[in-house]
Amino acid sequence: MRKKDKIIGTIVMLFMLAVDHLTKYWAIVSLKGQEPIKVWQNVFHFVYAENRGAAFSMLQNKRIFLILFTAAAIILVLWMIYFDKFKFNRAASIGLCLIASGGIGNLIDRIFRAYVVDFIYFVPINFPVFNVADACVTIGTIIFAIGFMVDEFRAAKSAKLSAAAETSVSEEVPQESSLPTSETEDR
């Protein structure tokens with residue numbers, strides 16, 4: 001990741017972390033113990049929920065495991081972002097930063113509240129209630145995957161072009177057996 005991309009990624013990460021926690025604070029103050037706010041009737045609601053598990057409420061009440069697993073995943077992602085062993089394009093880098101911000105946002109909740117505050121609910125598909133951090137992880141994963149595939153496609157195309165160029169160069173260079181030797185020249 002180039003220095004400029006690291007700066008942009010860090011700004012994105014901090015901004016989305018702030019948005020996540022401001023919206024969770026709003027959910028606690030405005031939604032906890034209240035009726036859902038129906039932004040769009042039977043489609044999109046804000047509803048307060050406390051998730052003591054992972055995505056889709058899996059691993060309920062496994063707080064220590066979730067804290068350790070999430071911390072390890074965040075360390076891995078931050079290592080991929082800030083150490084130059086990986087050369088990702090800008091899209092993949094921003095995707096990783098979104099994944100990290102979402103992971104950090106929910107990790108803070110797990111450590112200090114013992115649960116994650118969720119409040120966004122899509123009614124038609126009965127999708128589990130989620131939050132901005134969850135959206136960052138999901139969108140970041142999609143962006144990272146697309147960026148990674150673009151890099152892989154470019155690398156494969158470059159390798160193919162290099163191989164084709166080497167083949168055409170080797171066809172132009174005469175082989176040793178076809179070169180005249182001093183013995184054949186003397187005769």
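**Ground rules.** I am working on a predicted model, where local features need pLDDT of at least 70, side-chain atom pairs count only at pLDDT 80 or more, and totals for chains, interfaces and linings use all residues. I number residues from 1 along each chain as its sequence is written, and side-chain values use heavy atoms, with hydrogens and water left out.

**Strands.** I took helices (H or I, at least four residues) and strands (E, at least two) as DSSP runs, numbered from the N terminus. I call two strands paired if DSSP finds at least two bridges between them. I started with β1 (residues 37-40), which runs antiparallel to β2 and is joined to it by three bridges. W40 has F44 of β2 as its bridge partner. The hairpin of β1 and β2 has three residues between the strands.

I then followed β2 to β3. They are antiparallel too, with six bridges. I found F46 opposite I120 of β3. E50 is bridged to V117 in β3.

How much of β3 is covered? I count a residue as buried under 20% relative accessible area, exposed over 50%, and partly exposed in between (1.4 Å probe, protein chains only). Six of the seven residues in β3 are buried.

**Cores.** I define a nonpolar core as a set of buried Ala, Val, Leu, Ile, Met, Phe, Trp, Tyr and Cys residues joined through side-chain atoms within 4.5 Å. Which members of the largest core touch the most others? I get L31, F46, F119 and I120, out of 15 residues. Two or more residues come from each of α1 (3-31), β2 (44-51), α3, β3 and α4.

Contact here means heavy atoms within 4.5 Å. L31 touches W26, I37, F46, V47, Y48 and F119, leaving aside residues up to four places away in sequence. Another core, of eleven residues, lies apart from the largest one; M13, V77, I81 and F144 are among its members.

**Helix α2.** I checked its length next. Helix α2 covers residues 63-82, 20 residues in all, and spans 28 Å from first C-alpha to last. That is close to the 28 Å expected at 1.5 Å a residue, the expected span being 1.5 Å times one less than the number of residues.

Its buried residues are L66, I67, T70, I74, V77, M80 and I81. Down the axis of α2 they fall within an arc of 160°, so they line one face of the helix. I take the arc from the directions from the helix axis to the C-beta atoms. The face turned away from that buried side carries exposed I64, L68, F69 and I75.

**Cysteines.** I searched the whole structure for disulfides (cysteine sulfur atoms within 2.5 Å) and found zero. C97 is buried at a relative accessible area of 0%. C136 is buried as well, at 4%.

**Backbone.** Most residues other than glycine have a negative phi. I noted A114, with a positive phi near 75°. A114 sits in the loop between α3 (90-112) and β3 (116-122), and is partly exposed at 31% relative accessibility. N126 also has a positive phi, near 50°. N126 lies in the loop between β3 and α4 (132-172), and is exposed at 55% relative accessibility.
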